[in-house]
Amino acid sequence: MHKVCGFALFWLAVGMTLSLLIESTFFVVCIIVVCLLAGFNLFCGKP
């Protein structure tokens with residue numbers, strides 16, 4: 001479980017860093033929505 005939390009926190013930090021570099025709010029929101037949907041499908045999807 002520690003590895004999963006560490007993995008999630010690492011990529012959260014990467015995403016926050018990228019959002020600092022991207023100035024378009026709409027584009028950042030689109031990336032967030034895509035990542036949330038992909039993460040939900042990977043976490044809750046059937047194997």
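Colleague: Gly6 first. Is Gly6 buried, partly exposed or exposed?

Modeller: Gly6 counts as partly exposed, because its relative accessibility is 36%. The scale is buried under 20% relative accessible area, exposed over 50% and partly exposed in between, with a 1.4 Å probe and protein chains only. This is a predicted model, where local features need pLDDT of at least 70, side-chain atom pairs count only at pLDDT 80 or more, and totals for chains, interfaces and linings use all residues. Residues are numbered from 1 along each chain as its sequence is written, and side-chain values use heavy atoms, with hydrogens and water left out.

Colleague: Which element is Gly6 in?

Modeller: Gly6 lies in helix α1. Helices are DSSP runs of H or I with at least four residues, strands are runs of E with at least two, and numbering starts from the N terminus.

Colleague: What share of the residues is buried?

Modeller: Of the 47 residues in the protein, 2% are buried. The protein exposes about 4,600 Å², and carbon and sulfur atoms supply 80% of that area. Areas come from the Shrake-Rupley method with a 1.4 Å probe, and for residues only the protein chains shown count as cover.

Colleague: Switching to aromatics. How many aromatic pairs are there?

Modeller: The structure holds two. One is Phe7 with Trp11, edge-to-face at 6.3 Å centre to centre and 70 degrees between the planes. A pair needs ring centres within 6.5 Å (Phe, Tyr, and the six-membered ring of Trp); planes under 30 degrees apart are stacked, over 60 edge-to-face, the rest tilted.

Colleague: Where do Phe7 and Trp11 sit relative to each other in the helix?

Modeller: Both are in helix α1, four residues apart, about one turn. An α-helix has 3.6 residues a turn, so residues three or four places apart point the same way. Phe7 counts as exposed at 56% relative accessibility, while Trp11 is partly exposed at 45%.

Colleague: Why is the pair of Phe10 and Trp11 called edge-to-face?

Modeller: Because the planes of Phe10 and Trp11 are at 80 degrees, with the ring centres 5.1 Å apart. Phe10 is partly exposed, at 48% relative accessible area. Ring pairs link Phe7, Phe10 and Trp11 into a cluster.

Colleague: What kind of surface patch do Phe7, Phe10 and Trp11 make?

Modeller: A nonpolar one, of about 380 Å².

Colleague: Now α2. How does its reach compare with the expected span?

Modeller: Helix α2 covers residues 25-44, and its 20 residues reach 28 Å from first C-alpha to last, close to the 28 Å expected at 1.5 Å a residue. The expected span is 1.5 Å times one less than the number of residues.

Colleague: Does α2 lie in the open or is it buried, and why?

Modeller: Largely in the open, because the number of buried residues among its 20 is one.

Terms used. Patch = residues over 30% accessible without salt bridge, like charges linked within 9 Å, V, L, I, M, F, W, Y side chains within 5 Å. Salt bridge = Lys/Arg side-chain N within 4 Å of Asp/Glu carboxyl O.
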